[in-house]
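Dear colleague,

I am handing over a structure for you to look at, and I would ask you to open it before reading on.

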Amino acid sequence: MKMITAIKKFAAYVAVVTMALVYTGCTNLDETPYTFIDPDMFYKTEGDINAALNNAYRTFRNMATSSRNYVAPLEILTDQGEANYRKETQNHYRNTWSDMENVNNTFSDLWNKGYAAINNANIVLGRVDAIDMDEKKKDYVKGQALFLRAYVYYHLVRIYGGCPMPLTYTNGLEGLKVPREEASVVWDQIFQDLKDAAAMLPVRGTAGYDVWRVSSGACYALLGEAYLYKATISSEDNFGANKTELQLSKDYSEMVIKQGVYGLMPDYNDNWYWFNQNAKNNKESVFELQFFNGDGGNSGMAIDFGPYGGMKKDGNIVAGAYYCRYGVSTDHYNTYDKNDARLKTFLTKFTDKKDVEWVFDFDEDGAVGGEYWKRVDNGAPMDIEGRGYACSTLFNLKYFDPWADVALYNSLPAPNYPMLRYSEVLLNYAEAANLLKAGDGLEELNAVHTRAGLTALSAMDQKSMDEAILQERSWEFVGECKAYYDQLRKGVLGDRAEEAAYRNYSIYKANIEMQPGTANSRLKVFCCYPMTHKPTKSWLWKIPSSDISSNSLLEQNPDNVSAPLKYSWN
């Protein structure tokens, strides 16, 4: 497969050229090789610049799929996700907002890996013009690098607000101290990079252009999402959001629709590797991150999502050294219609590799103390590593790998990671359209809703439709790093997080031990610190302390003002 070959080739270049990274955010954006090869002697051929581009993809992938340090905490901080047993320090592996102003509880992995990816994109943009190659191919290289740089800034500006914005690569120790730009400047650069990239890139499916690479459609899709985010996060009243930005969001989403090369998979579950071996880069995929079985190409998402000790599918052991660090909350599971096809993505029973059958106890009689995995034969709770830890979350099948040869790739699962799907384009269009004119976008909303096997929604007022779209997004994108940003920009994150956290806290306070006399077996023990901060739309995270201390031009974000807490946490 061309994609796998390309990634394996660039890994060899990385080992020689220094793009294997030892970055510390903006404090160490160093292109200087850790060999004796002069970079000016390296970037000479089309193969060289393509290796650099593939490395930009790799470092972007490392940032966006940093599951235990980015995706997992964001999911857990909403009512959709929940922490579970894990060996490592908890930090914000919990679904309460506790001690969140602590500079050590920020998303340092996102900052560090994000600036590594930005520097690698800037290397490509700064070197490509000197390469003797076809001008159209040169534009393709530039367009992909611009998209990746814009996408990183899109992540950073939503977490930190204004941030340093280097637009050229660094040489050695030069240019490492960079001041923060205002958030508005970062947003302008994101939009400009994406527009420039779209003008340089082909439509998906163009002959001679790999289907997994960034296309003009991906640029338009991200523009539609980014304009929608900026419009709604900037206004306390969603219905008073900036009309110009809403119109741009709608227009760019419509451009993707009109390209006619994307569509919804008839069965929602065919998007996922667990159900469909041909799920990767299907017609619903606008942009997804590529993984393959093997060192350097495997995905860590399954490891964090999956059940401890492994599992079987159709009698065969599934690849992956799973640690069940986090999962889907029962709060979220219970919002689905029982006929919703998307429920299939949640694992509620399985057989482990020792042929023990497990089922999730929903405690349907409503009594406090359910929500844990138990053996089918005797009802005993799952005891992780013999320590009495109760496993208490549902698992998300979106990132499991049932196809790998376990003898070769047991700990190297390879499902791809979706960044932009066509269903999101439709829902972005529907939301912007409805906010511009009440009731517009219902057809697009229903396309996603009915694909899940549900009855089409009838016409409704503007507020009801806005709420229906947000709910649809919640059902559609669980585990895809969308819920936190959606709930934040719509102004509902604080209330939803507190309700879910307090319910779990109540279970924790009931002091129910799955194994009497074993404190570690206490239900919800790992996710129920008392909530101290309730986020508003203006919530921004702290810049990592190491970068503040090493870059004198950086200014730390001020403390956030918490919204009033509804419950008494004691």
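Below are some notes on a sheet and on the cavities.

This is a predicted model, in which local features need pLDDT of at least 70 and side-chain atom pairs count only at pLDDT 80 or more, while totals for chains, interfaces and linings use all residues. Residues are numbered from 1 along each chain as its sequence is written, and side-chain values use heavy atoms, with hydrogens and water left out.

Three strands form an open sheet in the order S7-S8-S9, with antiparallel pairing (strands are DSSP runs of E of at least two residues, and helices are runs of H or I of at least four, numbered from the N terminus; two strands pair if DSSP finds at least two bridges between them). The edge strands, S7 (349–351) and S9 (372–375), each pair on one side only. S7 pairs with S8 (residues 357–361) over 3 bridges in the antiparallel sense, and Thr 351 has Glu 357 in S8 as its bridge partner.

A search of the whole structure finds 8 cavities of 30 Å³ or more (a cavity is a set of points on a 1 Å grid over the protein atoms alone where a 1.4 Å probe fits but cannot get out, and lining residues have an atom within 4 Å of a point; a volume is the space filled by probe spheres set on the points). The largest cavity has a volume of about 180 Å³. Of the 20 residues that line the largest cavity, the closest to its centre are Arg 158, Glu 225, Cys 481, Lys 482 and Tyr 485. Helix H6 gives the largest share of this lining, 4 residues.

Best wishes

Technical notes. On a 1 Å grid over the protein atoms alone, a cavity is a set of points where a 1.4 Å probe fits but cannot get out, and a pocket is an open set with protein on both sides within 12 Å along at least five of seven lines; lining residues have an atom within 4 Å of a point.
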